[in-house]
Structure formats: structure tokens, C-alpha cells
Amino acid sequence: MKNSSRQRPQPLAWLRSRPFSLRSKLIVGNMLITFIAIMAMGYYVYYRTQETNRYLTTQLDQAVRQKAEEKLSTVVNERATQLDTFFSDKDRDLNFIGSTIHNLLSREYLLDSGTYWDAKTSLNRISAGSWDNANTDTASVFVPGNVELTPSLVSELNTVIQTDATIPHLLEVNPEIIAIYFGGTLKETVYYPNIDLANVVPSDFDVTSRPWFTAAAPKEDPSRAVVWSAPYQDAALHGLVITASIPVYDGRGVFRGVAAMDIQLNTITDIVSNITIGSTGYAFLVDTDDRLIAFPAAGYNDFQTTPEALPLGEIVDQQKLPGLSHEFFDLITKSSSGQSGLTTLTIGGVERFVAYRPIGGVGYGLVLIVPSQEMLTESIATRQQIAQETQRTIFISLLLVSLLLIGASVASIGLANALTAPLRGLTETATKVTAGDLEAQADVHTHDEIGTLARTLNTMTSSLRSSIQSLEQRVAERTADLETARLISEKRVQDLETIAEISSVVTTEQKIETLLPLITRLVSQRFDFYHVGIFLLDVTRQYAVLHAANSEGGQRMLARRHKLEVASTSIVGYVANSGQARIALDVGTDAVFFDNPDLPNTRSEMALPLISRGLTIGALDVQSDKPGAFTQMDAQTLGILADQIATAIENARLFEQAQQALNESQALYSNVAQESWRAFAEEESVLGYRQTLAGGNRLSAPIETDEIRDAMNRGSVLVLQPDEKRDGPEIIVPVKLRGQVIGTIRAKSPVRDRPWSQDEISLAQAVADRLSLALENARLIQDSQRQALKEQTISEVTAKIGSSIDMRNVLQTAVEELGRTIPGSEVIIRFDSRNGKDK
């Protein structure tokens, strides 16, 4: 402890090492402390000033940014509302036109008088074959050449042409509307203004196949709302044009055609191009497919492209604007899909505010872009003013720090003069304590603060000395506890590994007479137990009988069939009765146990119940020659082993029972099958069949040779070589049915010198196996047929007997039927009376 104390860095150690007086050191030290304090305070003031400036600047930036964002949102909302109004007006105008045609068609039978305009007299076929009207009419009327002027078509044209009263006025007050037209389901077209449509379109022009017509048809527009087409460049040089169409139904709800208008988007382009914010801010418009509707010159300059490379009506993608990030194109997709918002993006190395908002009805998206620097000019000016004020504050703070240092120096000199004398002794004591001498005491008897400091130093030294001693003792105790816990944990892990090894071995053994001794031997070897025994309850569950043991004393106990009464004073009897583990640390002094002369060295004993399926079947008894060898943790650990042993014993018992039942079933079936085949052979008188190259015939007498009897007794194939009795090699194959030999196959080779090959022998064995199954199936079928015939005969006889109610007729019928069923037999029915009862 003293060495470690000497190595600690001491405050002002460099002063103590110099040959200065205590007064000089105190003055220098106080001045240094004052300087450090002032510098720390100055740094803190400077740091807090900078933090405050940063906070104020951040708050200012946020406020200015929020104001800029609000301004930007207001502008984009106002312009989006203006565009909404434009498209809403056109939507309302088209709904008015569709409603007007609907009303006219609903009163078609009243309006079709031909007084205003008559299609029959006003339409003529032109050289191309189509129908055309006069160029002086208000509207162009076109009917394809393959369509005849039927009464229904004439009636519809006479009715629709009466829109002359409304549509020309709409075209006049809405110069952005290029044309308004109606296409009927009868393929006629009424077009405003009159452009001599028959000489513009082909003679077979089918209005019902036009995209604007099919888009508003009932199948595509079941809601009967206005449908807006994608923008396109007009062939008549009207620039970018969009078509709006609406379905027209009559008063009966029958679809009669589509009304549409072509709208020039120059007004939209002018509105978007005139949107300005800041010095260089601009806006552009895209449709639902990200096609460019309006894009000002500032946008082309900003994106470093030209109208030729990115014309209006083209899809805005990264291929056409490769210098922009994915976030920009994601933002365009959001704006055209009905989303609105405000964010910042870097375009061309400059941060910009980007606001976007959808245009209702048509699904367009308006995007507004402005450099963020232009929106935050107020914040930049304020930040410069704050920086100037900060520099002025720092200058004044440095002046104040200098004055404070001068005053601190004067105060340090006066304080040093007053404290030098009593502090010398206190300093010496503190130096000893700092060096590690905790026995040092300050010899200062003043009653001022220095005296209080000396007494406090003495008290602190004593407390530190006691704390160090107590800490060393606690560290030693904690180290011992950790070592004990580590040893216990290692032992438990080792015991569990041993249990797993024993379990893996015993679960492979299925014979109980081998299993139990194996368990006792393994447990004794792996756990170093003096004695291990396994007790199993007898059938009456009154005694626990010893079935296996590893020790010499245990073998003597096995020889005399040692058993203990359940619920007796023995530890095994207690465990067998209660089903709970029990530990005796010294069985010689425990009142519930008795001394066992066969195990004289036992000093500790533990018994564990063997429980299978909730029932105690025995006990595992382990004994040690060491006192206090078992703990509750050992009981828990070995309890796992006891459960595994109980499961292994129960499995072995079940295996033996299943094996015994299988053997008995096989023996019984073999006897039944053998008797059945003996009876079958006697009834059928079938001795066998012989097959040669000349043909086959039935055996008239049994063939019994020593070789055949040998093959039947052995139950295996017998191969015979040629000799003086045999002119060729032979094989005798027993025909076995589930282990029982029911016949043989004898095969003789016509070639004397050619032995039987292994394939031929295997083939003969396979034929014999299949023959046995086929014969058994035939026998079973024949038995079933006989049994069925027997049951049928009994049923017929019973039916004939039961059909009569006279006693004489019943007896006569029974005798006749039995005689007919058993030909050549004499049938007599006799009544025998004993004690007045018929038998």
C-alpha cells in the first residue's frame, strides 16, 4: 500500500521539489489555482457563449426556414388552386355540355321535327363516300361512308345539332378550348367549329374506336365522370393539347355516345411560367405519367438541358436528366400520384427548397423549386451580427480576466503570509500520509480552521486505515466464495456429462437381466460410489427386491434375494413408499435406518425413487464410505439419472413383453397353419405335380427320399451333384410358409456336366417363396368357399324347417333336408325325456 501511494501524482509536486520557501510555494500555488479557476471560468463563459450563439443561430435558422417554407407552401397552394380552378371550370363546362345533350336526347321524340336542321336534306354523300354537311352550318357533321342514314340516326342528328344554341358561345368565351364535339354510338360525329370534317378524316373514320371515346365508354368509365387524356402535341399546331370526354346517356339510361373538348394548355403554361419566388425560383407541371406539361426557361437552365432535348409532353426520367438524384424523380412521382409536401434537395451543388402539390381532377402535380439561400437572407445577416457581438464580448472578458489575475496575485501574497507558520506542520503530515504512512498524525493545536483541518486529516487517516483493512478482508472472503461456487459448478457440469454418457449406454440395452447390472457397474465406476443397488417393487408392491448390485456385499445380498419392506424404517423402504429422495449422512447414527453387516464401510447413503409414468417402480440406492458425501444438489443431479434408469427399465420390460407375445403368436400361427395344411392335403389328396420337357402330370404316389426329408428338416436349399444314382445335378428347395415347410420343389438339370449357378438357385428360392403365398391364398379361398356353401346349406334347411308350424311337418322336413345334404346317411330324430323335461 505504501509503494502504491508514492506513485500517485501529487498536486503542485513540482513546487515541493524546488528549493523555495513555503511562503513562495503557497503564493505561486494560489496564483496558479486562481489562474486555472479564472481560465476555467473564462473557458466556461466562452463555451456557453458559443453554445448560446449556436442555439440562437439554430433557432433563428429554424424560424427563418419555417417562415420560408410557409411562404413557399402559400405560393404553391395559391398557384395550385389557380390551376385547380382552370381545370374545374373545364370540367364544369364539359359536364354542362354532356347534361345538355342528355336532356336533348331524353326529349328526342319531341325535338326531332327537322324544322331547325334536317339530316335527310342537309347531308350529302361526297366523292369519298362519306356523308357531309354544308360548310356554312355552325357545326361539321360527319357520317362514315359505310353507315346509312337510318331514321334513328337522322333523329339523333336532328336532336344533337340543337346544341348550336350553347356550344358556339362556350367556344367564344373560352379561347383555350379548340373544339367541342359529340361522337354517337351510331358512328356519327358533330364537331364545333365547322372545319369541313368530312374532307379532313378518312371516309371510314370510326369515332367509336377513338381513345377519348373508349375511355368514357361504360366499361372504362362506369362512374360517368369526366375522363382526361394524356397531353399530346396537336397536329394543327395548337401546341400541347389535352382532351376531356364524358359519356352521354338518354333518359332511359341507354349509352348514346361521348361528348368531348380539346383544350389548349398554353394558358396553363403561362400560369406556371409566371410563377416566381425569390430571384431565381420557378415552377413546373407534370401529369400522372410524369409527362412534362409546363417548364420555364429557368428550369431548362437549372437542369442544364434544352427544350429540344426535353420537349413538353415527354416523360421526365433519369435518362433525359442524368445529372439529378433518385430523390428528385421520387419527388416528381409523389407529386403526380396525389401527394403534397415540402423538402430540400441538392441540385447542381446548390441546396434548394422543393414544394409539390397535386392538381385535383386531372391528377397533375405542381412542383416549385427555389434556392434555399435566397429564402434565408435574413438569417445570414443576423448570423453576421451575432458573430460581431461575440467578438466584442470576448475582448471585454479577456480584459476582466487580466484584472482578476492581478487582484488574485495580491490576495495570494497576503494569504501566504498568514498561513505559512501553521501550515508547515500540516503539510509535513499530509506529505507523510500521501507517501503511504497512514500512522502519521498532524500535531496542530490551534482552534481555527487550520486546527479543524488538522483534526479532520487525522480522522480521515484513521478511517482510511480501517477501510483498507476491511476491504482486504472482504476481498479475501469474496475470492473464497467465488472459488467454492466455481468448484460446485464444475462438479455439477461433470456429473451431468457423466449422466448423459450413462444414459446413452443403458438406453441401447433391451434385456433387463443385462441392463440392471450394467447400470450399477457404470454408476459406481463413474461416480466412485462404494455400493450401488437397484431395488424393484414386487407385484404386490409390499417389498422392494434387490435386483442388481456392484459391490461384494451387494452380490451376497443378491444371492439370498435380499428385500426390504415398503414403508419400513430403511431408507429404501421410505423412498419406495413416499416417492421422494432421501439422504442419510451417517446411517449408523440415524434412527430410521439399521446397520447392514454386508456393507460395513457405509458412512453416507442416498436413495432415489425410480418413477415411470407417475408410478414408483423401485429405488436407486447409492452408498459412500465417506461421511457427509451427499447434498441436496447431488440428489437433484442424480434424480435426473434415476428418471433415465426408470425409463430404461420400463422400456426393457415392455420389450420383453412384446417379444414374448410375438413368439407366442408366431408359434400359435405355425401350429394352426401346419394343421390346416395337413387337413387340406388329406381332403384334396394332392400329392404334387411333375413337369418335364415332354409335358406335366399329377403325381399318383408321394416321392419320399432321404434328400427330400433332409431338405425339409433343414429348411434350406439342398444342391445334389451327379453320381451313379443321378445322371445330372439336382436342387431341392423347401416351400416354406411363415417358417413352416409345406412342400418341396425338386429341379433336375438335363445337362450332366453343368452345375447350378447361384442366380438359378436364387430364382428357385424366389419361386418357392411366391409359390407358398399362392398356395396359402388358394387354400384360404377354398376354405372360404366351403364355409360359404356350408352357411348357405344351413340357411336353406333352416328356412324350410321354419316355414312349417306343424310338429310332424317340421320333423319330416328336417329329416329329408339332412338326408339330401348328406347323401347315403340315415337320419333319425328321437326325443329323450328325463324328469319330465325334453332333451
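Q644 counts as partly exposed, because its relative accessibility is 33%. Here buried means under 20% relative accessible area, exposed means over 50%, and partly exposed lies in between, with a 1.4 Å probe and protein chains only. Q644 sits in helix α18, residues 632-684. Its C-alpha atom is 6.4 Å from that of S503. Along the chain, Q644 and S503 are 141 residues apart.

## The model

This is a predicted model, in which local features need pLDDT of at least 70 and side-chain atom pairs count only at pLDDT 80 or more, while totals for chains, interfaces and linings use all residues. Residues are numbered from 1 along each chain as its sequence is written, and side-chain values use heavy atoms, with hydrogens and water left out.

## The whole protein

The protein has 21 helices and 27 strands. Both are DSSP runs numbered from the N terminus: helices are H or I with at least four residues, strands are E with at least two. Of the 839 residues, 37% are buried. Contact means heavy atoms within 4.5 Å. Take the contacts between residues at least 6 apart in sequence: 55% of them join residues at least 24 apart.

## Helix α16 and its two sides

Helix α16 covers residues 552-559. Which of its residues are buried? They are G553, G554 and M557. Seen down the axis of α16, these buried residues fall within an arc of 100°, so they line one face of the helix. The arc is taken from the directions that run from the helix axis to the C-beta atoms. An α-helix has 3.6 residues a turn, so residues three or four places apart point the same way.

The cover over the buried residues of α16 includes strands β15 (531-537) and β16 (543-549). On the other side of α16, E552 and A559 are exposed.

## Two arginines with positive phi

R541 lies in the loop between β15 and β16. Its phi is positive, about 60°, although R541 is not a glycine. R541 is partly exposed, with a relative accessible area of 37%.

R561 counts as exposed, at 62% relative accessibility.

## A cis peptide bond

Y192 and P193 are joined by a cis peptide bond, with omega about 0°. P193 is in the loop between β5 (189-192) and α8 (211-216).

## Helices α20 and α21

Two packed helices are described by the angle between their axes and the distance between the axes. Helix α20 spans residues 758-802, and helix α21 spans residues 807-821. They pack at about 160°, with axes 9 Å apart. Axes are lines fitted to C-alpha atoms, for helices over the stretch in contact, and angles run from 0 to 180 degrees between N-to-C directions. α20 and α21 are therefore roughly antiparallel. Angles over 145 degrees count that way; under 35 is roughly parallel, 65 to 115 roughly perpendicular, and the rest oblique.

The crossing of α20 past α21 is right-handed.

Which residues meet? From α20 come T793, V797, K800 and I801. From α21 come V810, T813, A814, E817, R820 and T821. The residues of this contact divide into four nonpolar, three polar and three charged. Ala, Val, Leu, Ile, Met, Phe, Trp, Tyr, Cys and Pro count as nonpolar; Asp, Glu, Lys and Arg count as charged; the others, Gly among them, count as polar.

Methods
Left-handed = near helix turned anticlockwise from the far one by under 90°.
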